[in-house]
Every structure is written in structure tokens, then in C-alpha cells.
Amino acid sequence: MASLSQPRLRLAVLAVSTILLGTAATASASAPAVTSAPPAGGEPASGRPYIETSLFFGTAHPDGSPPVTDKQFQGFVDEFVTPRFPDGLTVQEGEGQYRDAHGTIERERSYELILFYPTGQAGPSGRKIEEIRSAYEKKFAQESVARVDDRTTVDF
């Protein structure tokens, strides 16, 4: 079995590749607006401090069986993600690639799940996110699910 750092590195590369290759929104529910530029009036909107977490889910199975389907992934979101984050989330589909432990470049369809939550909820939200990651790894025989956290300002 590969060390824990190798799968994380693999998915970090997958995450960067997915971002660089571009993604298309496939599902969104109550996605908040992130304050990054002043509105037309010139004054920045008054946002609140939030954490933005992106999770990157690969779809290929290590045993070569058929990849996770859109229907299976949506079922996973409905069962494991929505109950933990009912206020909203965004899912984007992408294509990623990584170098596996044998040096082979692997390419696979992937999903990016984006969550926003107040910084004051970082502890409880972080535990829920780890439950989601663990459930996906077990359900779909994945080595890992990449996680990226950023602090941001959000205005709804």
C-alpha cells in the first residue's frame, strides 16, 4: 500500500490539474456570492468571514472497474453531503490527471465540491467534511479525497 503522502500528492496534482483544465458547473444549490471586487458603486460589499472548502473526488477505481457515474455521485451528495450542509453547496465536473505510484500518468473524470461556512463553525464543519471524505473513500474504493481550505469574505 502506498504511503499516505503519495495519495494526497496524487490528489493535490489532480486538484490543480482540474482547475487548470477548466471546469463546468453541473450542480449548484444556494451558492453564495464571494466578495472579491467592489460592486458598481465602488464600495466593497460588507461580507462576513467564511471558510471555503473544496473537495476533489476522483471517479476511477484502482481495480479497473467502471468509474463512478454521475448518478452514483449525485446519490452520494444526496446521502452524505446535503444532510451535513443543507444550506447550500456547489458541484463542478472536471478532468484531472496525476502520476501514480508506478510513474504512469492517469487521467480521470472528477468532481469538485465547494462548501462555504462561517469561520466560527470551522470545528463542527471540519468534522462533517472529514466524515464526507471518509465515506467517499470507503464507498468508491478511493485512496483519498483532496481537501483545500481558504479563508474568504462572503456576502449573501
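Colleague: Where does lysine 139 lie?
Modeller: Lysine 139 lies in helix 3; helices (H or I, at least four residues) and strands (E, at least two) are DSSP runs, numbered from the N terminus. This is a predicted model, in which local features need pLDDT of at least 70, side-chain atom pairs count only at pLDDT 80 or more, and totals for chains, interfaces and linings use all residues. Residues are numbered from 1 along each chain as its sequence is written, and side-chain values use heavy atoms, with hydrogens and water left out.

Colleague: Why is lysine 139 called partly exposed?
Modeller: Its relative accessible area is 47%. Buried means under 20%, exposed over 50% and partly exposed in between (1.4 Å probe, protein chains only). The value of 47% falls in between, so lysine 139 is partly exposed.

Colleague: Which residues does lysine 139 touch, not counting those up to four places away in sequence?
Modeller: Lysine 139 touches Phe76, Glu79 and Phe80, where contact means heavy atoms within 4.5 Å. Lysine 139 and phenylalanine 76 are 63 residues apart in sequence, yet 8.9 Å apart in space, C-alpha to C-alpha.

Colleague: What meets what between helix 2 and helix 3?
Modeller: From helix 2 come Phe73, Phe76, Glu79, Phe80 and Val81, and from helix 3 Ile132, Ala135, Tyr136 and Lys139. By class, this contact has seven nonpolar, no polar and two charged residues.

Colleague: Why is helix 2 called oblique to helix 3?
Modeller: The axes of helix 2 (residues 70-81) and helix 3 come within 11 Å and cross at roughly 140°. That angle makes the pair oblique: under 35 degrees counts as roughly parallel, over 145 as roughly antiparallel, 65 to 115 as roughly perpendicular, and the rest as oblique. The crossing is also right-handed.

Colleague: Which residues of helix 3 are buried?
Modeller: Ser125, Gly126, Ile129, Ile132, Arg133, Ala135 and Tyr136 are buried in helix 3. Across the 156 residues of the protein chain, 37% count as buried.

Colleague: Why does tyrosine 98 count as buried?
Modeller: Its relative accessibility is 8%. That is under the 20% limit, so tyrosine 98 is buried. Tyrosine 98 lies in strand 4 (residues 89-99).

Colleague: And why does serine 46 count as exposed?
Modeller: Its relative accessibility is 64%. That is over 50%, so serine 46 is exposed. Serine 46 has its place in the loop between strand 2 (33-34) and strand 3 (48-58).

Colleague: What pattern does the protein chain follow along the sequence?
Modeller: The pattern is α-β-β-β-α-β-β-α-β, from three helices and six strands.

Methods. Axes fitted to C-alpha atoms, helices over the stretch in contact; angles between N-to-C directions. Left-handed = near helix turned anticlockwise from the far one by under 90°. Nonpolar A, V, L, I, M, F, W, Y, C, P; charged D, E, K, R; others polar.
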